Amino acid sequence: MDSRKTLNGKDFEISIPSVHIAQAVTRIANQMNEDLQGKDVVFLGILNGAFMFASDIYRKINFDCKITFLKLASYDGLDSSGTVKQLIGLNEDLKNKTVVILEDIIDTGITMDSILKQLKGYEPTEIKIATFLFKPDAFQRAFKIDYIGFEIPNEFVIGYGLDYNGLGRNYEHIYSFVKAQKVINILLFGAPGSGKGTQSKKIIQKYNLVHLSTGDILRQDIESNTRIGQQAKKYMADGGLVPDELVIDMIEIKIIQNKGAAGFVFDGFPRTVGQAIALDEMLRKKGLSVSVMFALDVEDDELVDRLLKRAKIGGRTDDTPEIIENRISIYKEKTARVSDYFHRQDKLVTVNGKGDIDTIFGEISQVIDKL
Ligand code: AMP
């Protein structure tokens with residue numbers, strides 16, 4: 001699977017991975033099962049774009065109900081043409097039914113407005129609207145949307161049923177159009193002592209990026225005795241992980257504070273799959289995404305060796321043999337899975353972290369230069 005796609009000469013990159021799509025579909029279907037139970041429901045999928053969303057939702061509905069599809073067209077290439085065609089293919093009786101429209105995307109709302117007006121002529125009891133994607137910044141109408149998968153920035157997207165000139169509907173993720181001004185977001189991943197801090201410093205210098213090390217930020221918070229510092233202290237003392245909510249909030253604040261940056265190097269974050277999902281989500285909402293994850297691969301013995309050496313040079317209070325052992329075992333137990341998460345998005349690059357610092361950096365730079 002590719003983290004990038006090129007269609008008709010345009011570049012697209014993943015903005016909503018398939019795991020998030022599956023979660024959103026389940027959330028919406030569960031809500032519908034609660035809201036619509038006992039009603040005479042007809043689902044109405046809008047072709048072509050909503051065919052995947054419609055079938056994924058429909059198979060999760062746990063009461064008997066019908067589904068039918070209708071067709072119209074409102075898109076021509078990258079821009080909304082604003083023209084809405086007639087409904088075609090609607091031969092189901094909708095009189096006195098609860099009609100649930102399943103749409104792939106609502107942006108200006110012009111298309112949906114026209115569908116709603118035309119459907120009223122079929123005399124349904126009520127009409128509900130479910131859309132997989134919604135662009136609040138583009139929306140110009142006032143109708144209520146009952147179920148929303150994702151709110152997205154005003155950008156062109158493909159995949160999961162949505163197309164660009166007929167192609168891209170089969171992609172399992174949602175991809176968004178890559179803008180000319182690119183923000184690079186790099187994740188540095190590896191066990192404690194694998195060299196994340198050292199490589200981060202070199203990357204931010206060369207590429208003018210902002211370094212976000214959750215470990216450094218937490219240590220500063222402890223030193224300044226902030227609320228976060230007070231809460232984090234007890235977890236860090238024995239090498240355990242600070243709760244997800246705390247670090248996720250911390251990172252979000254830093255991203256907002258550094259608005260307009262050329263990009264970020266995340267060092268020591270995400271450390272759990274929950275943090276990875278949260279990071280993907282917060283970047284997506286800002287029209288950004290993870291560009292690449294570098295995993296620095298170093299054997300255990302070497303890690304312990306390096307950390308003990310660091311301790312001797314007056315390093316950190318958590319660089320003692322017992323705490324080091326705990327940090328490495330937590331890395332294996334909870335953090336290693338984060339690399340699978342990004343591997344599934346084809347964003348993982350494993351780098352041999354043993355050897356000359358500049359050689360390792362050379363390998364990393366080669367990948368960044370191609371982004
Ligand atoms: P580090 O400087 O990256 O080795 O982090 C030092 C300590 O800070 C870790 O052992 C954790 O207790 C805490 N920490 C740093 N980053 C995170 C994170 N992303 N999630 C949870 N705890 C973290």
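**Entry 1: helices α8 and α10**

The axes of α8 (residues 273–285) and α10 (residues 321–343) cross at roughly 40° and come within 8 Å. Each axis is a line fitted to C-alpha atoms over the stretch in contact, and the angle, on a scale from 0 to 180 degrees, is taken between N-to-C directions. Helices here are DSSP runs of H or I with at least four residues, strands are runs of E with at least two, and both are numbered from the N terminus.

I then listed the residues that meet. From α8 these are V273, A276, I277 and D280, and from α10 they are R337, V338, Y341 and F342. By class I get six nonpolar, two charged and no polar residues. Nonpolar covers Ala, Val, Leu, Ile, Met, Phe, Trp, Tyr, Cys and Pro; charged covers Asp, Glu, Lys and Arg; the others, Gly among them, are polar. Contact means heavy atoms within 4.5 Å.

**Entry 2: conventions**

I number residues from 1 along each chain as its sequence is written, and side-chain values use heavy atoms, with hydrogens and water left out. As the model is predicted, local features need pLDDT of at least 70 and side-chain atom pairs count only at pLDDT 80 or more, while totals for chains, interfaces and linings use all residues.

R327 is a residue of helix α10. Leaving out residues up to four places away in sequence, R327 touches P192, G239, L307, R310, R316, D318 and D319.

T98 is in strand β7 (residues 98–106). Its relative accessible area is 5%, so T98 is buried. With the sequence neighbours up to four places away not counted, I list L36, K39, D40, V41, V42 and E126 as touching T98.

**Entry 3: helix α1**

I checked the length of α1 (residues 18–36). Its 19 residues should span 27 Å at 1.5 Å a residue, and the end C-alpha atoms are 26 Å apart, which agrees. The expected span is 1.5 Å times one less than the number of residues. The buried residues I noted in α1 are H20, I21, A24, V25, I28, A29, M32, N33 and L36. After α1 comes G38, with a positive phi near 90°.

P270 lies in the loop between β14 (263–267) and α8.

E123 has phi near 55° and is in the loop between α3 (110–120) and β8 (126–134). E123 counts as partly exposed at 45% relative accessibility. Y160 has a positive phi of about 50° and lies in the loop between β10 (157–158) and β11 (174–177). At 5% relative accessibility, Y160 counts as buried.

I find 14 residues of domain 1 in contact with eleven of domain 2.

D249 is in helix α7 (residues 244–257) and is partly exposed, with a relative accessible area of 46%.

The chain has eleven helices and 16 strands. Its C-alpha atoms fill a box of roughly 80 × 45 × 35 Å along the principal axes. Of the 371 residues, 49% are buried. Among contacts with a separation of 6 or more, 72% are between residues 24 or more positions apart.

Methods. Buried means under 20% relative accessible area, exposed over 50%, partly exposed in between (1.4 Å probe, protein chains only).
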